[in-house]
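Subject: Structure handover

Hello,

Please find the structure below.

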Amino acid sequence: MKNGVMMQYFEWNMPNNGNLWKELKADAAHLHEIGVTSVWIPPAYKGLKQEDEGYGTYDLYDLGEFDQKGTVRTKYGTVQELKEMIAELHRYQVSVYLDAVMNHKAGADYTEKFLAREVNPEQREDAESDPYEIEGWTGFNFPGRGDKYSAFKWHWYHFSGVDCDASTGKEGIFQVVGEGKAWNGGVDGENGNYDFLMFADLDFDHPEVVGEMKNWGVWVSRELNLDGMRLDAIKHINDQFIKHFLEAVRAERGDRFYAVGECWKNDKESLDEYLAQVEYQVDLFDVPLHYHMFQASQKGRDFDLSTLIEGTLVADHPDLAVTFVDNHDSQKNSSLESQVKDWFKPMAYGLILLMKEGYPCIFYGDYYGVKGKKSPHRLILDILLDARRRYAFGEQHNYFDHPNTVGFTRTGDTEHPGSGLALLISNGEDGHKTMAVGQHHRGEYWYEITGNRKEEVMIDEKGEGTFPVSGGKLAVWVKR
Ligand code: CA
């Protein structure tokens with residue numbers, strides 16, 4: 001979609017009031033108006049307790065329908081409210097991507113006894129004990145749902161590892177032992193083998209697990225009329241399963257069914273490798289770009305802005321990169337805390353929303369706020385979203401040529417009269433840069449739309465302008 005924008009419609013500290021689906025439904029018209037073309041919604045199925053964010057997944061088939069774990073609704077609402085919200089978003093041409101948590105299950109209904117060995121958390125191929133019988137939380141029979149939608153029941157042999165021996169209360173990483181049991185291949189190599197993340201880890205080498213999870217993917221995307229998925233924690237899941245899973249879902253929903261994976265690796269080589277393994281069937285979040293922006297926000301003028309997009313996913317795989325500034329994991333007090341500082345956020349969003357490449361994703365916390373506290377960034381985001389819809393067209397010329405002042409231009413195109421822009425960011429003193437916007441703009445007067453500069457810039461005979469930017473700020477210039 002031309003100039004599409006995704007919004008991650010939740011943050012880590014949403015209140016447990018069951019209102020999110022209703023609030024999102026009521027927001028559909030507004031989202032359409034500001035240029036949001038898709039929303040990534042949080043895990044919409046029953047977690048191990050009502051207040052769970054959804055990543056402690058208990059029953060993937062309980063979308064807030066059954067009395068399980070002491071509640072019918074999830075943290076975000078009921079299945080009816082979920083479906084009504086999705087229908088309303090579709091009425092406004094906003095696509096819906098569900099967060100799919102497939103790596104693990106939590107909150108089992110009963111324990112089972114089986115053989116396991118403890119492993120070294122830093123080197124999971126190294127056993128720290130001989131196999132012995134443990135009692136693990138691996139029995140899932142979903143008493144509140146029964147066999148509706150799926151009759152599958154989970155047992156210890158469907159998992160590759162658990163986090164606790166219930167008979168002693170001992171916590172650790174317990175690898176399930178048995179015929180054909182091993183950590184899954186096709187996962188990240190950190191810690192020896194990064195198959196295990198938390199809770200009871202699904203064994204994607206088990207054909208029953210593969211079959212059941214594919215069935216779920218097909219079922220949930222049809223049941224909710226989904227347009228895509230955000231795949232959680234894929235560096236802990238066999239990459240070949242991910243490829244086959246998407247083939248199965250797309251056979252049902254069509255090839256345009258969208259998928260973006262969370263592969264939290266801060267190096268582009270790992271992401272390149274992952275993309276090759278899944279034959280480029282999934283987009284990835286641009287984690288290296290996030291860390292560049294995080295570092296830029298930490299280091300101030302000591303960060304060399306000319307390196308800002310070097311070695312990022314969007315630089316090398318522009319069609320497969322979802323660019324983002326922050327998310328629920330990077331925000332303060334979260335598991336992967338690396339929150340971009342406030343002063344740099346306007347620059348970071350200016351970059352991802354106005355550049356030609358990448359599929360930008362706006363974080364709920366940056367637009368609406370965190371813990372009910374209003375975000376200071378909403379105004380600038382509205383300005384940049386408007387600029388994306390009106391001006392961010394045509395070719396891009398980069399000027400990442402100075403450690404403290406960088407920028408790019410978009411030339412505009414004939415389909416969008418008056419389009420074209422010049423963006424600059426500074427992390428040091430006031431600066432300026434002469435940049436080409438194209439000869440078709442010569443003689444025009446341009447002004448700055450964020451309010452940081454008051455003068456006008458004339459585009460000269462060569463189609464160039466000398467655009468100022470204030471120190472530590474963003475400037476976005478367009479035709480008056
Ligand atoms: Ca795993």
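Lys-268 is buried, because its relative accessible area is 9%. The word buried stands for under 20% relative accessible area, exposed for over 50%, and partly exposed for anything in between, using a 1.4 Å probe and protein chains only. Asp-272 has a relative accessible area of 22% and is therefore partly exposed. These two residues form a salt bridge, with 2.7 Å between the closest N and O atoms. A salt bridge here is a side-chain nitrogen of Lys or Arg within 4 Å of a carboxyl oxygen of Asp or Glu. Lys-268 and Asp-272 are both in helix 6, four residues apart, which is about one turn of the helix. Helices (H or I, at least four residues) and strands (E, at least two) are DSSP runs, numbered from the N terminus.

Two notes on the source. This is a predicted model, in which local features need pLDDT of at least 70 and side-chain atom pairs count only at pLDDT 80 or more, while totals for chains, interfaces and linings use all residues. Residues are numbered from 1 along each chain as its sequence is written, and side-chain values use heavy atoms, with hydrogens and water left out.

More on salt bridges. The whole structure has 35 of them. Another one joins the side chains of Arg-91 and Glu-88, at 2.3 Å from N to O. Arg-91 and Glu-88 sit three residues apart in helix 3 (residues 79-91), so about one helical turn separates them. Arg-91 counts as exposed because its relative accessibility is 54%, whereas Glu-88, at 15%, counts as buried.

Asp-188 and Lys-265 also form a salt bridge, with the closest N and O atoms 3.1 Å apart. Asp-188 is in the loop between strand 11 (170-176) and strand 12, and Lys-265 is in the loop between strand 14 (258-261) and helix 6 (268-277), so the pair ties together parts 77 residues apart in sequence. Asp-188 and Lys-265 are both buried. There is also a network of salt bridges that links Asp-99, Arg-230, Asp-232 and Glu-262.

Asp-201 in strand 12 (residues 200-202) and His-236 in the loop between strand 13 (228-231) and helix 5 (239-253) are 35 residues apart, and the pair links distant parts of the chain. Both Asp-201 and His-236 are buried.

Last, the domains. The chain is assigned domain 1 (6-101 + 208-390), domain 2 (105-206) and domain 3 (396-479); such bounds come from an automatic or database domain assignment. The contact between domain 1 and domain 3 takes 21 residues from domain 1 and 25 residues from domain 3, where contact means heavy atoms within 4.5 Å. The C-alpha centres of these two domains lie 31 Å apart. One salt bridge is counted between domain 1 and domain 3.

Regards
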